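Q: Could you walk me through how the labels for this model follow from the numbers?

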Amino acid sequence: MLNFILRRLAISSVLIFIISIISFLMIILAPGGPNPWGELNPKITPQVKEMFRKKFHLDRPIHEQYFLNMRDLFTGRLKSIKDERPVISRILERLPATLTLNLYAISISLIFGLLWGVWAARHAGTTADMLSSMGAFALIALPGFWVAYLILIGLVNFAGVPVLGTQSYGIEFPSFANLWLDRLWHVVLPGTILALGGIAVQSRYIRATVLEAMNEDYIRTARAKGLPEETVFYKHALRNAVRPLITGIGSLLPALIGGSLIIETIFAYPGMGRLGYEAVLERDYPTLVALNFVVAALILLGNLIADVLYAVVDPRVRLE
Amino acid sequence: MIKFFVYGLPALFLALIVASFLNVVLLTTTKKNEFSIGMLGEPSTLNPIKAAESAAGQVTGSIFNGLLKYDENIEITTDLAESYVLTQTTTVFFENENTALTALLRLEASRSRWPGWQLSSVRLEGSALLIKLKQPGIDASQEIVGMFDGKVPSQVVRVETKEPPGVALEKIRASIGGGKIVRVWVEGANAFEVTVLGAEEDAKTKIAGFFPKELEAKITIFETLPFLAEPEVLFRLRQNVLWHDGEPFTSRDPAFTFRALMDESVASPRKPDFDTILFVETPSPFEFRVVYRRPYSPALSSWMMSILPAHLLEGKPQEWWVENFDRKPIGTGPFKFAEWKTNEFVRLDRNPIYFNGPGPWLDGIVYRILGDQLALRLAFETHQVDFWGVDPWAVSGFAKDKRFELFSMPGNSYSYIGWNLRRPPFDDERVRIALAHAINIPEMVQYILYGHGTQSTGVFTPQMWFFNPDVKPFIYDKDKARSLLAEAGWVPGPDGILAKDGKRFSFKLITNNGNEIRRDIATLVQDNLRQIGIEVKIEMYEWAVFLRNFINKGEFDAMVLGWALGPDYDQYQIWHSSQANPEQLNVVSYKNPKVDRLLEQIRQEYQRTKIISMAGEMQETIYRQQPYLFLYVPESTSVVWKDSFRIRRPVDGGWVDTPIEMTKAGWSYYSDWFYRPEFASKLPPLKEPSTP
């Protein structure tokens with residue numbers, strides 16, 4: 001096991017190195033460049049532009065820039081072009097918001113996915129099940145940003161409730177509980193939309209594995225023993241069918257990080273995804289380099305954890 | 001157990017979701033006494049000398065003050081300064097003391113003309129004559145100097161070095177006044193200008209003598225001046241101003257701000273605004289004197305630049321600024337910095353020691369960072385921000401609704417189609433004028449801006465005091481366009497497209513994608529021109545590609561773009577013939593000696609009436625030649641919930657109380673004096689202004 005983990009870590013670090021080169025090239029070769037004052041600004045002389053380029057090493061050849069960026073990243077000195085603050089602190093200050101959102105999204109993906117999957121498996125083959133399958137595929141297929149906009153506009157027009165940011169502003173809350181419920185609402189809304197696809201995907205996995213388990217010999221044995229159907233289903237079938245939930249965490253992570261880029265931006269939610277989106281628009285290379293690195297590391301780590309967990313819960317899997 | 005996971009947890013989560021939803025729906029709350037403003041972008045810094053984007057400018061405008069500011073009619077008035085005086089010293093150098101004396105006597109003899117020249121005094125200093133004028137500018141000086149004989153011109157020598165010049169510069173500085181060197185101005189670590197008396201070649205050799213061979217100095221004559229005209233401003237500062245931390249504001253602060261702006265390690269994007277300054281000094285704690293190297297009238301407005309606190313920042317390295325000041329600034333303004341949560345909001349609190357007190361009335365301002373137009377609108381509709389800059393298509397919907405109030409004003413920007421004057425057929429003025437008649441601009445305003453805009457008549461916009469209202473727009477007239485084109489030799493060919501010498505009138509119109517309005521403009525132009533037999537092919541490129549591959553290189557037939565203008569009249573970079581190289585802003589390559597002369601003169605002119613007439617002439621001349629097809633000036637509209645604010649502001653020793661009113665500078669010009677009607681009891685009692 002330890003051997004496996006070490007080997008995976010070694011492979012991952014090579015992978016991360018390759019990812020960092022490719023992503024750096026993609027960032028730096030994209031047309032345009034950092035330009036905080038707007039491209040056609042008569043007030044900005046070539047001297048000012050030169051001064052700016054020098055300050056952020058933009059006048060160096062690409063390989064030198066890559067090297068400088070990486071060196072500064074690992075020594076913690078990498079600074080954003082936008083506000084000259086260390087990118088590490090820019091990312092860290094947004095981490096809690098993103099973690100809250102993603103933890104919520106992962107939780108409800110698993111929880112509601114399980115509920116839906118179980119329900120669908122119990123009603124397998126009925127018209128209701130067919131409709132729910134269609135619903136699930138629709139949710140997987142619908143683009144998140146589109147659903148988000150529909151829900152946003154609907155909520156504002158019909159309920160008139162605040163929908164953006166991390167809490168309502170400009171008002172005094174009558175009590176602490178109201179404030180916290182208000183904050184919860186501002187996580188629930190983007191988090192639920194972010195999780196819609198995940199819920200649907202999880203429900204499909206659960207449904208499939210439960211139905212598979214129901215055809216196993218040990219289920220027939222259990223039934224033959226005369227156990228009540230309730231026990232057969234929950235104790236015997238479901239226990240063996242929840243494995244995808246665990247791997248699900250590993251596979252949900254990349255999708256959620258990708259999704260939160262869009263959802264956070266739409267909901268004006270102050271997380272890492274929005275940071276990344278804005279950094280792309282501003283061509284803030286150092287921030288992008290660091291974010292890519294962090295995200296790549298998170299995803300590789302997520303996959304590793306999922307693999308290990310899988311081995312832990314399923315004795316048939318051996319990690320060599 | 002497992003049943004709890006399957007049914008219990010979802011029920012729990014559902015309960016939480018419903019509770020949080022009911023909370024936001026049913027919550028009845030009281031509004032805070034604050035002004036909430038939605039912003040599209042996050043400020044990069046709240047240090048005004050580093051920030052270039054409008055988001056930062058909006059916030060720092062409430063925290064800091066400049067020496068000057070714009071009043072409600074977008075004209076210059078005082079802010080931290082109590083008053084200011086503009087003067088000029090014109091220095092003429094002579095061959096020797098005798099010729100200088102002769103000149104002085106000649107000037108004394110014509111004393112009757114002194115008032116006309118605004119001449120206040122004259123002084124002899126060795127072989128130089130120092131003439132003091134009450135009004136800066138170049139005309140009077142030229143007239144005066146024209147009377148003298150035996151003058152010596154001065155050469156402005158520009159020196160660029162690979163390494164900081166160090167000792168050489170020190171030696172040059174040391175020799176000022178003694179010999180031929182009159183002044184030095186340092187642009188940056190590797191560039192400076194020395195003004196030397198005498199002929200061009202002498203000046204060059206003289207300067208080269210200061211440099212050891214290994215320094216590789218590039219020495220060029222920048223310009224030759226018949227005399228030195230050095231305008232100066234003397235600001236008298238307010239004495240009752242305190243920084244937010246309680247320290248008094250003195251002349252040390254603007255002097256420090258100037259040095260910080262020029263410091264290359266700050267890399268301020270505002271540095272070019274201050275490059276015409278020779279030096280600043282502080283004759284007393286409440287006097288601040290600025291001397292310029294040459295007359296440049298828009299330079300005065302650069303003192304609207306926010307002033308930084310010297311007592312906090314002086315001598316501190318850049319890293320210290322970034323950590324301790326740039327994100328929690330100390331200013332002198334009506335509001336002081338309170339909190340900045342990245343990507344969420346910047347909150348400012350009322351400054352109780354504001355020099356222009358007893359206001360502001362509001363407890364604070366919150367700038368919410370929301371990202372896009374839709375987010376701003378949603379935030380506005382749910383009372384999260386107090387106003388929204390409405391898109392043109394949505395204006396009529398809000399206008400009908402009684403719950404809102406709308407404020408509209410023409411923006412200081414215009415859209416245009418730029419013809420590449422380097423390429424036929426656009427090098428032919430008749431063709432360009434024909435095109436101006438062929439495009440239906442009123443229809444464009446109707447369909448693209450839903451009527452919220454006016455036809456542009458040139459390089460300035462109607463809000464500005466130097467705008468020329470007498471320039472009449474070209475009228476849409478297809479027949480006239482056809483006959484003008486026929487005059488220029490363009491007649492319908494076999495396929496219905498106009499042709500001349502076998503060449504069809506067909507061109508590419510390019511613009512950037514992602515901007516729907518520009519795409520629509522291009523489409524309407526294509527349709528309008530097809531009707532008179534011109535073929536237009538539209539191509540759209542990503543913004544960076546559009547600029548780099550086409551605009552900056554001058555590689556296009558025609559393009560759709562717009563200018564957002566500053567509040568001054570200097571458009572040298574956009575229209576002067578010297579600015580038509582790649583990467584420069586005269587992208588259509590417009591060259592007209594008359595306009596060149598006007599552009600050069602207007603930036604040296606300080607007299608209002610002359611500025612108005614020059615700007616008017618420039619606007620008329622350029623518009624008649626149609627290097628651009630000037631399209632329209634869009635109107636910008638803000639929507640506010642009705643009765644959310646009123647204004648109580650001081651007028652002539654009393655208070656006037658009014659609803660929000662529109663000024664040339666926008667509806668929120670008086671925002672320091674805004675209050676929410678629910679909090680009216682906190683305000684001073686209303687006293688009628690004493691009418692003089």
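Q: Which residues of α8(A) and α9(A) meet?
A: In this predicted model, A:Y218, A:I219, A:A222 and A:R223 of α8(A) touch A:E229, A:V232, A:H236, A:A237 and A:N240 of α9(A). Sorted by class, that contact holds five nonpolar, two polar and two charged residues.

Q: Why are α14(B) and α16(B) called oblique to each other?
A: Helix α14 (residues 441-448) and helix α16 (residues 516-531) of chain B pack at about 140°, with 11 Å between their axes. Roughly antiparallel needs an angle over 145, and roughly perpendicular covers 65 to 115; the pair is therefore oblique. On the α14(B) side the contact is made by B:E443, B:M444 and B:I448, and residues on α16(B) include B:I517 and B:L524.

Q: How do you know that A:E230 and B:K3 meet in a salt bridge?
A: Their side chains have an N to O distance of 2.3 Å, and the cut-off is within 4 Å, so the pair qualifies. The count between chain B and chain A is four salt bridges.

Q: What area do chain B and chain A bury between them?
A: About 6,100 Å², with 65% of it on carbon and sulfur atoms. Chain B gives 72 residues to the contact and chain A gives 67.

Terms used. Residues numbered from 1 in each chain as written. Chains lettered and ligands numbered in written order. Predicted model: local features only at pLDDT ≥ 70, side-chain atom pairs only at ≥ 80, totals over all residues. Heavy atoms only, no water. Axes fitted to C-alpha atoms, helices over the stretch in contact; angles between N-to-C directions. Helix = DSSP H or I, 4+ residues; strand = E, 2+ residues; numbered from the N terminus. Parallel < 35°, antiparallel > 145°, perpendicular 65-115°, else oblique. Contact = heavy atoms within 4.5 Å. Buried area = accessible area lost by both parts, 1.4 Å probe. Nonpolar A, V, L, I, M, F, W, Y, C, P; charged D, E, K, R; others polar.
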